[in-house]
Structure formats: C-alpha cells, structure tokens
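Here is a short report for a reader new to this structure. Look over the sequence and the model first, then read on.

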Amino acid sequence: MECRGAASAFCAAATAELGQSASGWVAGARGPVRLERASGLPLTPGEVSVPDPAPDSTNLTVLDLSWDPRVLARAAGWLSTALFTAPAPVLVATATVPGVRHLEAVLHVLPEEATPVAIFRVGHRQRRWPTTVHQQTGPRTRALHDAGRLLQFPTEPQLAVTGLNTGPLSRTVVAAAAEVLDLAHPDAHHTTTPTTKEMNR
C-alpha cells in the first residue's frame, strides 16, 4: 500500500520543509538527510513519478513510499527496478508469527544475488523468541541470521507513542541506524552516516 501523507512516518520528522518539486514529491530536511514523500494518489507502483536528484549537499535521501515487495515483483516502473536491482535492500519485520512468515515470503521474491538486511523493530529479542515464532523461521531468514544481517532495532517508548517528530533522537536509535547503513552500504558508511548531533539539528 502506498504511504499517504497523513499516514506518513516521516512527514513530522523534518525540521525544514522544502516544498513540492516538479516531479510531484514533497521534500523536507533534517540535517544532512533529505526526506521525500509522494504527493497525489498513485494507485499502482507504475504511476509513481521518478523523484528529482538530490542536491549535492545531501548525505542521505529517504523516500517515504511503500508497497509490498510481492506486489512490486509483478509491477512495472522505476520503483520495482530500484528494489530488485538493489544489492542490499533493507526489510523491516516484527518478531511475531505473521511477521516472520511475511519476511520469509518477501525474501523468496528477492533476487538470489541480493544480500538483504532485515530489522525486527518490535517484539522479543531473537534469543527470547517464543517457540511458535522460532518454528516459523524459514531457510532464508536463518541464512540472514547466520550472516549477521538480522538486526534488532531498539524500542523507544516515547517514539512508540508520538512517532517520529522534530525532537532529538537518542544515541541508541542513531547508533542502530548507523549499523543498518553500514551493512546496507559498507563502502559509503563512513562518508554518509549522519552523527547524532547532525540528526538532531
């Protein structure tokens, strides 16, 4: 499902609004990070316009738009191409029976040469997963674990209530985000990862 502006996870996180571009994307900024969300009401992935190139001063761009990868596997357009040619797509799941099942299903539609990173954002830490959750862990999820590419993102009680906003992010959250970026883009990590001070500007 496409992430509407009203349901966006990032629309309140920007500390500066940069307006809407000719391509139809609404941009904001938070330090050196650019946050972009699609405007309009695209009904299929193929209807999503290509975002404008980011300015040279941008260290990282986050596009706030999502469809189930299993839908993108059957769709045309740049969004599908971007996902299925990405060397290290980042997937987010929950440590629950349906969450683990969904992660395994998504991993099966990704190209075999991809080296994804999976983040579990809520639920028990893996060593404390209930037996019923462990039993749903498929071969590709286990392979990610064995490769050290299955991460636990810390739960912040305040963010769980308010969602992302212009308030400062904790060192724990920024450090966890840096770990994800390091696995997804190891060659670029040291030059593109924003510091806690930059993210809280």
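Helices here are DSSP runs of H or I with at least four residues, strands are runs of E with at least two, and both are numbered from the N terminus. By that count, Ala-147 lies in the loop between H5 and strand S7 (150–152). This is a predicted model.

## The whole chain

The chain has 201 residues, and buried residues make up 37% of them. It holds nine helices and seven strands.

## Helix H3 and its partner

Two packed helices are described by the angle between their axes and the distance between the axes. At what angle do the axes of H3 and H5 cross? Helix H3 spans residues 97–107, and helix H5 spans residues 139–146. Their axes come within 8 Å and cross at roughly 90°. H3 and H5 are therefore roughly perpendicular to each other.

Which residues make this contact? H3 supplies Leu-103, Glu-104 and Leu-107. H5 supplies Pro-139, Arg-140, Thr-141 and Leu-144. Sorted by class, the contact has four nonpolar, one polar and two charged residues.

The buried residues of H3 are Gly-99, Val-100, Leu-103, Glu-104, Val-106 and Leu-107. They cover an arc of only 165° around the axis, which puts them on the same side of H3. Leu-103, Glu-104 and Leu-107 are on the list of buried residues, and they also belong to the contact with H5.

## The start of H3

What caps the N-terminal end of H3? The cap is Thr-96. This residue sits in the loop between strand S5 (90–95) and H3. A side-chain oxygen of Thr-96 lies 3.1 Å from the backbone nitrogen of Gly-99. Gly-99 is itself among the buried residues of H3. Thr-96 is partly exposed, with a relative accessible area of 30%. In sequence, Thr-96 is 38 residues from His-134, while their C-alpha atoms are 9.2 Å apart in space.

## Helix H2

Helix H2 covers residues 78–85, and Ser-80 lies in it. The buried residues of H2 are Leu-79, Ser-80 and Leu-83. Seen down the axis of H2, these residues fall within an arc of 100°, so they line one face of the helix. They pack against helix H1 (69–72).

Ser-80 has a relative accessibility of 5%. Buried means under 20%, so Ser-80 counts as buried. The side chain of Ser-80 reaches the backbone oxygen of Ala-75 at 3.4 Å. Neighbours within four places in sequence aside, Ser-80 is in contact with Leu-72 and Ala-75.

Glu-36 is found in strand S3 (residues 33–38). Is this residue buried or exposed? Glu-36 counts as buried, at 4% relative accessibility. A polar contact of 2.7 Å joins its side chain to that of Arg-34. Leaving aside neighbours within four places in sequence, Glu-36 has contacts that include Trp-25, Val-26, Pro-51, Thr-61 and Leu-63. Glu-36 and Ser-21 are 15 residues apart along the chain, and their C-alpha atoms are separated by 9.9 Å.

Ile-119 has its place in strand S6 (residues 117–123). Ile-119 is buried, with a relative accessible area of 8%. Which residues does Ile-119 touch, not counting those up to four places away in sequence? They are Val-90, Leu-91, Val-92, Ala-93, Leu-151, Phe-153 and Val-180. Val-92 is 27 residues from Ile-119 in sequence, with the two C-alpha atoms 4.8 Å apart.

Ala-147 is exposed, with a relative accessible area of 54%. Ala-147 and Val-117 are 30 residues apart in sequence and 9.8 Å apart in space, C-alpha to C-alpha.

The table gathers the relative accessible areas.

| Residue | Relative accessible area | Class |
|---|---|---|
| Glu-36 | 4% | buried |
| Ser-80 | 5% | buried |
| Ile-119 | 8% | buried |
| Thr-96 | 30% | partly exposed |
| Ala-147 | 54% | exposed |

Note on methods: Residues numbered from 1 in each chain as written. Predicted model: local features only at pLDDT ≥ 70, side-chain atom pairs only at ≥ 80, totals over all residues. Heavy atoms only, no water. Axes fitted to C-alpha atoms, helices over the stretch in contact; angles between N-to-C directions. Parallel < 35°, antiparallel > 145°, perpendicular 65-115°, else oblique. Contact = heavy atoms within 4.5 Å. Nonpolar A, V, L, I, M, F, W, Y, C, P; charged D, E, K, R; others polar. Buried < 20%, exposed > 50% of the residue type's maximum accessible area, 1.4 Å probe, protein only. Arc of directions from axis to C-beta. Polar contact = N/O pair within 3.5 Å; in protein donor to acceptor, adjacent residues only side chain to side chain.
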